[in-house]
Amino acid sequence: MRKRWLSIWVAIVVSLLCQPVVHAADQRPVLLVYDSANVYYDGTKTIDSVQRMLTADGLAVKTVRLANYRQGELNDAAYRGVVTLINWPAAGLSNPRFNTDRAHFSGIKLHIGPNLQADELVDLHAKKGMLIRQQLTLTAHKITEQLPYTDRMEYLAGGAQRDEYGQLNTQNVGQQKILPYGVKVGQNAFLPFWRTNGLAVSCEAKLLADLFNPQAENRPLLVINNVTPTSNLHYLNQLVTALDSNNIPFALSATNVETNTNQFAYQKYMYALRLAELKNGLVFMRVPYLYSYTGKEITAANLRATMSERLQLMVKSGVYPTGLAAPNHWNQDQVLGKVGLKAATNVLLLPNPKTYPQVQRTKFSRSFDRAYYVMSLNGLAKAKTTVALTKAAQSYAVPIALNVKLPRTQAELRQVKKSVLNANLDWENPATETKTRTMTFAKLKLTYHAGTYFVNGEPQNISDAAPVPKHSARSQAHETGLNLILFYQGKFLMAFILVTLLGFGVLIYLGRKAYWAKFKRK
Amino acid sequence: MIEKLRRRVSPPLLACLLAAAIVGYLLFLTPINGYADNGDFARVIYINGIYPLDPKNYQYTTYLTQHYGLFQYYNEHVAMLFSSQGLFVKMAIGLNKLFYSRTIFDLRFMGLVYYGFYLGGIYLLTLALTDRTKRQLVDYVIALLVVFVFADSSLTLYFNSFFAEPVMIIAMMYITATLLLLMKKQFTRRWSLLVGYFLAAVALITVKQQNAPLALSLVVVTVGLSFVYRDKLVRWVAPLICLALLGTGLATYVMITDQFSNINSYQSMTRGVLLKEADPGNSLEKGGLSRQYGLLKGDIYTQTYAATSVKSKNITADFIPQYNFAWILKYYLTHHQQFDEMLDVAARDSYLVQIKAVGDFTKDSGAKPHQQVQYFTLFGAIMKAFFPKKFAFYLTLCVVLAIIYTIIFVIGIKSNEMAVAIKAFMMIGYATMIIGTFITAVVGDGDADLAKHLLIVPLALNLMFLQIIADVLHHNFWHPAREEQQ
């Protein structure tokens, strides 16, 4: 009897030990291995998008190029999962060391793109098939979107006991094929390609979340980006007012300056942001646009100072940022990520710009309490609905933000208003959420909870008082030291030369005849 | 001893030999000296097929890089701006391929090309400033002065770099020398001098986009020629040269690519118009621009931490195209105080010929980052320390010189010495060049890169001073076209 109890107890312990740890507390990163950046065909956008989506699912990521993969790196102790991204199918790049390690790896595996290996097919309980030159349509949540023309696509044929995410339809009359977009079999998953925006994103997000960190459904957050101190504040105000009157909560991704804050224009900018806060808008401070030939101009010290100064100036003016908005490359950089994004637990992850400086590139990216995958609201416009786009239809498995650009003209303003209202989505409303958003910097702790802003625990009232322009007299600069000498030196010299010139003129006048007579040839 | 020297070595040859030794040592003997890249080299090197060998460790501003790579395959870079500098770079690449390597470019070949033209310039300039026939002691003094002024390292360091300034330095020397020689009518080969003058003038105008307005001053200079050479053919040549110069100036101005002119337009506002006003919002609104752009005050185009992307439509469509040169000039004319302050900022920088922002040594030399050359910089140092730093001074100086040379011109005409016209118009043209450069630098690019944009000011002044000194030493200040008065 005792032996039986003992064996049961051992069995329980062993089964507990062997069970892969798939809780949120799992801090192991995910290894993202891509074959090529494929710059010519904008492949960097795909890598950027996959990285952002993984971060949005609360994961820390290590990104490695296939050729640089070192044998033995991928193991159960170090990584929670592996994502294989075939970004340049035509090149047929492979690394046998990686293939072997992946076959032995027992964590989560996701394969994106073609070149599925035999062991992966076994894990996915399927065979592979090939589609050539097809016009595909993606269907999810009863919404369809026509995809760009597909030249070649590998798909999984057969298989059972699997979860499917979205549906791809070919257009062959009579021989129409219906294939799943995303497939998940236990800990293994497959996507035939990766799309960075549009309808496919909801399938990708759901697949990733189911694989790694299942989350409650998220409603999308509406973000107005490109808000800068030089933007047209009149249109910002009009847009914000229109959103408020339609009960649409929103967020702003807004930059700040640390100089010229004594100008009336700066007060106007801060006032515009305060008005947005009063109209149920959250402010995310967008990190500065970086310009640097070499990356050496950006240092941890000056970046820390700039970020802290800009945030503090906002707080001083009654604007309380609840997070930061940053392009993804910030999170792939040791200095920019660690120093620049340190203050925030909430971030909006923007797509990378075409070119950007690298300060100290790292393969490791950080995870955040909440990181939003930002994509354009216009990307959804291509999707056609067979049913009315119901409010429940567009929710996402990871935090997603849909952005519109701040309009620059009246026509753009009309267009933006129209696209937001027509989308008819159920937007995330931070004011009704129970979660708290925090920012910590320079001895300040900003929190946002259920519609109220707190600074170091003190609730804040946001003022709607408009700034008044000052008609200040021009301050007289006080000259000192060397400047004073130079100042008088200049005046003295000018006086001296003028007097000399005058004397010279008088002399010429008096003696002109004698003078010229002297030089004339006789 | 002196007699022997006189017989064997003419003053121009002496100047040439001295300059060759002084400058050759600076440029070619390892460790070599020159100006390090401030980021501007990229505009020149890629379009000409040159690239930094080790981009990751490429030294910006701190150290001079001696070796570059030469593209072996198709070059996809297109010119960001049209410049006569390309011809010199192509020449250097040709020499490099002939004598050194087809894959590695040694910066010294760039220096060598400029060095050749420069020594020719020194020879001609000294020849023009001295008396060819007599070889008096004063002529040797003048030769030494030419070397003292033009072999100054602050100027010659430019030769070992991909900056456009060496072309300006050399072109100004040739322009002055050919004109003075034409004035002396000593040369039988008038046509070759005219061609030399014209080529130098075109090179000067086309080398940099901000030199385009110099075409106007050069037209003033050219007018002098028509007083002197009155035979039918030459009478046609002077107006033709004027037209060609104006056309070249206009072409240079038109051919500025958008990206390049955007940088200048942006900075002429942020580092110019907005810079000296506490709250420029009202002035902007009066000029039809949004007050918000006042917040860009003080920013450079590539501000490390910018609040607005310079590539966004907010800047490229709503800001930069909304004003132009005339807008800025009008602003300055209605805001005297700001204009005066900006011009004084420019005046402070005009004799800072040696660029302090970049190092002059290679890393292998063991020098510190940004280390500056001290060798043969006495003239530059003196001018930097003692030359007045107020725009009012420059203005007065130019006005006084213009008046004096008008008087000399009148005297010349009265005494039937028409050749004086060349010198008088050259001096007056140079005076307008100095004032014009100040104004275009401030209006065109604010206080950004001022020391480099103002290089024409010390060049023109040095050349004017040298002529005045030479004339005074030859006792023919009031009659420059005459042989020395006894």
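**Entry 1: a cis bond in chain B**

I started at P31(B), which sits in the loop between α2 (11-28) and α3 (42-45) of chain B. Helices here are DSSP runs of H or I with at least four residues, strands are runs of E with at least two, and both are numbered from the N terminus. The peptide bond joining T30(B) and P31(B) is cis, with omega at about -5 degrees.

I note the basis before going on: the model is predicted, local features need pLDDT of at least 70, side-chain atom pairs count only at pLDDT 80 or more, and totals for chains, interfaces and linings use all residues. Residues are numbered from 1 along each chain as its sequence is written, while chains are lettered from A and ligands numbered from 1 in the order in which they are written.

**Entry 2: positive phi**

I looked up two residues with backbone angles of note. Most residues other than glycine have a negative phi, and most peptide bonds are trans. H370(B) is not a glycine, yet has a positive phi of about 65 degrees. I found H370(B) in the loop between α16 (336-349) and α17 (378-386) of chain B. H370(B) is partly exposed, with 15 other C-beta atoms within 10 Å. The scale I used calls a residue buried at 20 or more other C-beta atoms within 10 Å of its own, exposed at 12 or fewer, and partly exposed in between, with C-beta atoms placed from the backbone.

In chain A, N115(A) also is not a glycine and has a positive phi of about 65 degrees. N115(A) lies in the loop between β4 (108-112) and α4 (118-123) of chain A. With 17 other C-beta atoms within 10 Å, N115(A) is partly exposed.

**Entry 3: chain B as a whole**

I counted 21 helices and four strands in chain B. The C-alpha trace of chain B spans about 70 × 55 × 45 Å along its principal axes. How does the radius of gyration of chain B agree with that of a compact globule? A compact globule of 486 residues would have a radius near 23 Å, and chain B has 23 Å, which agrees. The radius is taken over C-alpha atoms, and the globule rule is 2.2 Å times the number of residues to the power 0.38.

Of the 486 residues of chain B, 51% count as buried. For contacts in chain B with a separation of 6 or more, 75% are between residues 24 or more positions apart. A contact here means that the C-beta atoms of two residues, placed from the backbone, lie within 7 Å.

**Entry 4: the two domains of chain A**

I took the division of chain A as domain 1 (23-211) and domain 2 (221-460); these bounds come from an automatic or database domain assignment. The centres of the two domains, over C-alpha atoms, are 30 Å apart. In the contact, 30 residues of domain 1 of chain A meet 31 residues of domain 2 of chain A. On the domain 1 side, the elements giving two or more residues are α2 (43-56), β2 (61-65), β7 (143-146) and α5 (200-211) of chain A. Of these, α2(A) gives the most, with seven residues. I sorted the domain 1 side into 13 nonpolar, nine polar and eight charged residues. In this sorting Ala, Val, Leu, Ile, Met, Phe, Trp, Tyr, Cys and Pro are nonpolar, Asp, Glu, Lys and Arg are charged, and the others, Gly among them, are polar.

**Entry 5: strands in chain A**

I followed β9 (163-169) of chain A to its partners; strands pair if DSSP finds at least two bridges between them. Strand β6 (137-140) of chain A is antiparallel to β9(A) over three bridges, and L138(A) stands opposite L168(A). β9(A) also pairs with β10 (178-185) of chain A, antiparallel over six bridges, where D163(A) stands opposite K184(A).

I then turned to an open sheet of four strands in chain A, ordered β22-β23-β24-β25 with antiparallel pairing. Its edge strands are β22 (437-441) and β25 (458-460) of chain A, each pairing on one side only. β22(A) and β23 (444-449) of chain A share five bridges, and T440(A) has K445(A) as its bridge partner.

**Entry 6: where chain A meets chain B**

The contact takes 41 residues from chain A and 38 residues from chain B. On the chain A side, α7 (264-278), β15 (289-290) and α12 (481-519) give two or more residues. The largest share, nine residues, comes from α12(A). By class I have 20 nonpolar, 16 polar and five charged residues on the chain A side. β15(A) runs antiparallel to β4 (305-306) of chain B, joined by two bridges, and Y289(A) stands opposite A306(B).
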